[in-house]
Amino acid sequence: VSTQSTWGRPLPAPVPHGRGCMGRRPHQFRAMGDSFYEYLLKQHLLTGRTEPRYRRLYDAAVAGLRRHLLVRTSRYTYVAERQDGTLLHRMDHLACFVPGMLALGANDDGDTLALAEELMHTCAQMYFLSPTGIAPESCSFDHTDLIAGTKYYLLRPEVVESLFYLWRATKKPMYSAL
């Protein structure tokens with residue numbers, strides 16, 4: 001099964017079983033694709049960095065994320081989705097694994113670590129802006145605001161894992177205090 005997109009890079013979308021191509025599937029860093037991209041990096045690390053193909057695939061996925069899905073506004077940085085070539089300004093809570101993944105893979109790359117911190121800020125705001133203090137399962141963005149998109153939450157651990165990896169990478173106390 002190929003993970004090559006029409007842009008020539010692996011992109012975060014589930015590959016339909018049996019078809020061997022992504023076709024018109026959405027490109028996203030969320031359910032049905034998140035573990036694949038996260039474990040490309042973890043497999044590289046677990047093999048003692050002896051399998052460079054996993055790192056190359058991970059780097060290509062991050063390059064695709066940066067080029068095609070990353071959005072920065074005056075207040076937030078988020079991982080959008082792309083459907084049929086259109087950028088959708090929404091992010092699932094599950095995408096909050098990305099800051100931790102980037103922090104784990106940063107390897108002294110200050111730009112990647114800074115991006116991880118920007119994305120973590122957005123994930124934290126999903127909690128801080130909620131009247132209950134519990135983040136919505138997804139949110140959307142207009143030019144400056146984060147808007148809750150769902151009224152339920154599935155108890156996902158991605159934010160806690162990202163906070164842990166960011167604390168380990170930066171030693172900033174704020175990541176252990178959240």
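**Figure 1. Overall confidence and fold of the predicted model.** The protein averages a pLDDT of 83, and 81% of its residues score at least 70; pLDDT is the predictor's confidence in each residue, from 0 to 100. This is a predicted model, in which local features need pLDDT of at least 70, side-chain atom pairs count only at pLDDT 80 or more, and totals for chains, interfaces and linings use all residues. Residues are numbered from 1 along each chain as its sequence is written, and side-chain values use heavy atoms, with hydrogens and water left out. The secondary structure comes to six helices and seven strands. Helices (H or I, at least four residues) and strands (E, at least two) are DSSP runs, numbered from the N terminus. From that end the elements run α-α-β-β-β-β-β-α-α-β-β-α-α. Of the 178 residues, 47% are buried. Buried means under 20% relative accessible area, exposed over 50%, and partly exposed in between (1.4 Å probe, protein chains only). Among contacts with a separation of 6 or more, 55% are made by residues 24 or more positions apart; contact means heavy atoms within 4.5 Å.

Figure 2. Where pLDDT is low, the predicted coordinates should not be read in detail.

**Figure 3. The largest nonpolar core.** This core has 40 residues. A nonpolar core is a set of buried Ala, Val, Leu, Ile, Met, Phe, Trp, Tyr and Cys residues joined through side-chain atoms within 4.5 Å. M91, V98, M101 and L102 have the most contacts inside the core. Elements giving two or more residues are α1 (34-46), α2 (52-69), β1 (70-72), β2 (77-79), α3, α4, β6 (138-141) and α5. Helix α4 supplies the largest share, eight residues. In soluble globular proteins, nonpolar side chains tend to be buried together.

Figure 4. A disulfide joins C96 to C123, with an S to S distance of 2.2 Å. The pair links distant parts of the chain, 27 residues apart. C96 sits in the loop between β5 (90-92) and α3 (98-105), while C123 sits in helix α4 (residues 110-128). A disulfide is a pair of cysteine sulfur atoms within 2.5 Å, and the count by this rule comes to one. The torsion about the S-S bond of C96 and C123 is about -105°, so the disulfide is left-handed. Both C96 and C123 are buried. What keeps C139 out of a bond? Its sulfur is 7.7 Å from the closest cysteine sulfur, in C96, which is too far. C139 counts as buried because its relative accessible area is 2%.

Figure 5. The 19 residues of α4 should span 27 Å at 1.5 Å a residue; the end C-alpha atoms are 26 Å apart, which agrees. The expected span of a helix is 1.5 Å times one less than its number of residues. D109 caps the N-terminal end of α4. A side-chain oxygen of D109 lies 3.0 Å from the backbone nitrogen of D111. Q125 also belongs to α4. With a relative accessible area of 15%, Q125 is buried. Leaving out residues up to four places away in sequence, Q125 touches Y76 and L146.

**Figure 6. T170 in helix α5.** T170 lies in α5, which covers residues 158-170. The T170 side chain reaches the backbone nitrogen of K172 at 3.1 Å. A polar contact is a pair of N or O atoms within 3.5 Å; within protein, one must be able to donate a hydrogen and the other to accept it, and residues adjacent in sequence count only if both atoms are side-chain atoms. Neighbours within four places aside, T170 is in contact with L113, E117 and Y175.

Figure 7. Although not a glycine, R49 has a positive phi of about 65°. R49 counts as partly exposed, at 48% relative accessibility. N107 counts as partly exposed, at 41% relative accessibility. Buried or exposed? S130 counts as buried, at 17% relative accessibility. S130 and A148 are 18 residues apart in sequence and 7.9 Å apart in space, C-alpha to C-alpha.
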